[in-house]
Amino acid sequence: MDTQHPAERILLGPGPSPVSARVLRALAAPTLGHLDPQYLAIMDEVCDMLRAVFLTKNALTFPVSGTGMAGMECIAVNLVEPGDEVIVCVNGVFGGRMKDVMSRCGATVHALEAPWGETFDHEAIAAALERHPRTKVVGIVQAETSTGAHQPIAGLAEIVHRAGAMLVVDAVTSLGGHELRVDDWGIDAVYSGTQKCLGCPPGLAPVSFGERALAAMDARKAPVQSWYLDVSMLRKYYTSGGGGRVYHHTAPINMTYALREALAIVLEEGLEARWARHAAMHARLRAGLESLGIGYVPARSLHTLNCIHIPPGADDAAVRRRLLEEYGIEIGAGLGAMAGKAWRIGLMGHGATVRNVDLVLTALAAVLGRR
Ligand SMILES: *Cc1c(COP(=O)(O)O)cnc(C)c1O
């Protein structure tokens, strides 16, 4: 195995997604110090661009050092403290993780479950809030990458706020690929990752906190149990307000350059155009799969992640190995309850192109002997 020269794969799995040459070049720029005024200006720019991509005015919007899971954990440890009650919507692996992370924060977690592949009606969430009137946070995944289900979010915050709770949204596989409007939709805290629809390598987790979340953090009784993810300290580094910048940890400098370049590409394309491109590539893939007789697991599919049934008779691992070895294409295996039953084809960011859709369809047809 050649460990010196990583191969140029076509990454059509659940992430990481393909990274453009522009973003890779940005990584190679000279490393600045994390308190260098030039670096701080770059970080400010990244936070501004994140606000544009999240469609929010939230001052507390920044990239957590770590992958998407660090974003999930950052929001959980800061908003949830021992004794709190929370509702987590679980219809796949990532909802399950949110439940686990919030219970590790000492919360009493009421899991609202839906079958894998399905999504939640807002009425079911309203009913859960009535059953649990002390609920502080409702956590939900917009793009459940394990099943490909697309959870509607617009309109949910009104229900959650009426019950006096906050809405936390996992937007890891939606930010930059699906419509997401943090302010218009009233989302109180949201996290994402760089390596899905933003087209950047893994390593940073964009997060944003609204007014209710800030107030909840100010009202905490117990200190945040994670030192590394404590927003009361992180904000003194990421936001310049008042007393200047205070060192907390060394930010991943070169990854910040990469994220800035990736966000510049997103904003050059335009959010609406980008959402439309992901929708069009999904439609193109779906039509091709249908002609191969391959159907989708979820009724309401994401555009960014296509979770499909493995056709009867096909050898799951052998097909994926041949796609990788003969075509250099990575697709995802089924995760959790979907293992051995589904494949996951990601069309995210730089990877959501006509060329990749037609290539994966051709390769899949050949490997399945349908040509
Ligand atoms: C990928 C993913 C995560 C976790 O992100 P990592 O970058 O792997 O830590 C969380 N939630 C969802 C919905 C994801 O798809």
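**Ligand site and a helix pair**

In this predicted model, a polar side-chain atom of Thr-173 lies 2.8 Å from an oxygen atom of the ligand. I count a polar contact as a pair of N or O atoms within 3.5 Å; within protein, one must be able to donate a hydrogen and the other to accept it, and residues adjacent in sequence count only if both atoms are side-chain atoms. Thr-145 also places a polar side-chain atom 2.3 Å from a ligand oxygen. For Met-69 the atom is a backbone N or O, 2.8 Å from an oxygen of the ligand. Residues around the ligand, with a heavy atom within 4 Å of it, include Phe-94, Asp-170 and Lys-196.

Some ground rules. Local features need pLDDT of at least 70 and side-chain atom pairs 80 or more, while totals for chains, interfaces and linings use all residues. Numbering starts from 1 along each chain as its sequence is written, and side-chain values use heavy atoms, leaving out hydrogens and water.

Now the helices. H2 (residues 37-54) and H9 (residues 253-269) pack at about 40°, with axes 9 Å apart. Axes are lines fitted to C-alpha atoms, for helices over the stretch in contact, and angles run from 0 to 180 degrees between N-to-C directions.

Last, the backbone. The peptide bond from Gly-15 to Pro-16 is cis, omega near 5°. Leu-55, a residue other than glycine, has a positive phi, near 55°.

Notes:
Helix = DSSP H or I, 4+ residues; strand = E, 2+ residues; numbered from the N terminus.
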